[in-house]
Amino acid sequence: GVPGVFMSIVGFNLLNQAVNEHKITQPSLILDEMNTGVTDTLRQYEEDSTVKDGMDIALCNINLDTLELQYAGAYNSLWIVRNGELIELGANKFPVGTFVGETIHQFSNKTFQLQKGDNVYLFTDGYADQFGGEKGKKFKYAQLVRLLKSICAGTMAQQRAILENTFEEWKRNLDQVDDVLIAGIRI
């Protein structure tokens with residue numbers, strides 16, 4: 001809806017500012033900067049603030065020379081599939097943006113040594129939260145994990161096609177309930 005679109009615009013601008021103007025490259029520091037920016041922009045520290053929205057995000061930085069991955073997230077984890085096994089780098093359990101009476105949280109930075117052939121996935125909750133199937137239930141994360149593990153050997157184009165087809169078959173004639181994004185990177 002409108003609040004989500006507005007939050008996306010504010011977040012996009014703050015992300016660009018943190019990276020391009022302030023030259024911040026560490027994901028947790030970028031999210032900390034965005035967190036402060038969202039809180040200030042939306043005046044979320046004021047008692048009469050009516051904006052109660054936050055933003056979920058997963059952000060990573062990969063050094064292509066050393067294959068070191070740095071990650072930070074607000075509710076959205078990062079998954080690595082290596083040799084058919086899933087490795088999860090968990091997110092902080094708070095959004096970008098604060099609410100009246102809360103302190104501004106600091107995001108944690110996680111470092112992981114990637115290997116050639118690893119698949120790295122960042123995603124929104126839209127795929128797992130989609131209703132469908134024979135009983136009209138949510139797809140859920142456990143089923144998404146099984147799907148990614150089963151397709152990880154394919155090319156990224158093949159994986160995309162399978163993810164799109166699986167989603168459409170699951171959703172059938174039901175409305176899409178949220179934004180859906182899965183970004184995959186093969187190292």
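**Selected residues, a pocket and the chain**

Visitor: Is Arg82 buried or exposed, and what is its relative accessible area?

Guide: Arg82 counts as buried. In this scheme buried means under 20% relative accessible area, exposed means over 50%, and partly exposed lies in between, with a 1.4 Å probe and protein chains only. Arg82 falls in the buried class because its relative accessible area is 18%.

Visitor: What kind of model is this, and which atoms are used for side-chain values?

Guide: The model is predicted, so local features need pLDDT of at least 70 and side-chain atom pairs count only at pLDDT 80 or more, whereas totals for chains, interfaces and linings use all residues.

Visitor: Which residue has a side chain joined to that of Arg82 by a polar contact?

Guide: Arg82 lies in strand S3, residues 78–82; helices (H or I, at least four residues) and strands (E, at least two) are DSSP runs numbered from the N terminus. A polar contact is a pair of N or O atoms within 3.5 Å; within protein, one must be able to donate a hydrogen and the other to accept it, and residues adjacent in sequence count only if both atoms are side-chain atoms. The side chain of Arg82 reaches the backbone oxygen of Gln113 at 3.0 Å. At 2.8 Å, the side chain of Arg82 also meets that of Asp118.

Visitor: Where is Asn83, and what is its relative accessible area?

Guide: Asn83 sits in the loop between S3 and strand S4 (85–89). Although Asn83 is not a glycine, its phi is positive, at about 50°. Asn83 counts as exposed because its relative accessible area is 74%.

Visitor: What is the phi of Tyr75?

Guide: Tyr75 belongs to the loop between strand S2 (68–74) and S3. With 39% relative accessibility, Tyr75 is partly exposed. Tyr75 is not a glycine, yet its phi is positive, about 70°.

Visitor: How far is the C-alpha atom of Tyr141 from that of Asp125?

Guide: Tyr141 is in helix H4, residues 141–151, and counts as partly exposed at 33% relative accessibility. Beyond its neighbours within four places in sequence, Tyr141 is in contact with Trp79, Phe123, Asp125 and Ala128. Tyr141 and Asp125 are 16 residues apart along the chain, and their C-alpha atoms are separated by 8.6 Å.

Visitor: What is the relative accessibility of Ala18?

Guide: Ala18 belongs to helix H1, residues 2–21. Not counting residues up to four places away in sequence, Ala18 touches Lys23, Ile24, Ile30 and Glu33. Ala18 counts as buried because its relative accessibility is 0%.

Visitor: Which element gives the largest share of the lining of the second largest pocket?

Guide: A pocket is an open set of points on a 1 Å grid over the protein atoms alone where a 1.4 Å probe fits, with protein on both sides within 12 Å along at least five of seven lines; lining residues have an atom within 4 Å of a point. The second largest pocket holds about 330 Å³, a volume being the space filled by probe spheres set on points joined across faces, edges and corners. Among its 13 lining residues, the closest to the centre are Arg160, Leu163, Glu164, Leu181 and Ile182. The largest share, 6 residues, comes from H5.

Visitor: What percentage of the residues of the chain count as buried?

Guide: The secondary structure of the chain comprises 5 helices and 9 strands. Of contacts between residues at least 6 apart in sequence, 63% join residues at least 24 apart. Of the 187 residues of the chain, the buried share is 41%.

Key: Residues numbered from 1 in each chain as written. Heavy atoms only, no water. Contact = heavy atoms within 4.5 Å.
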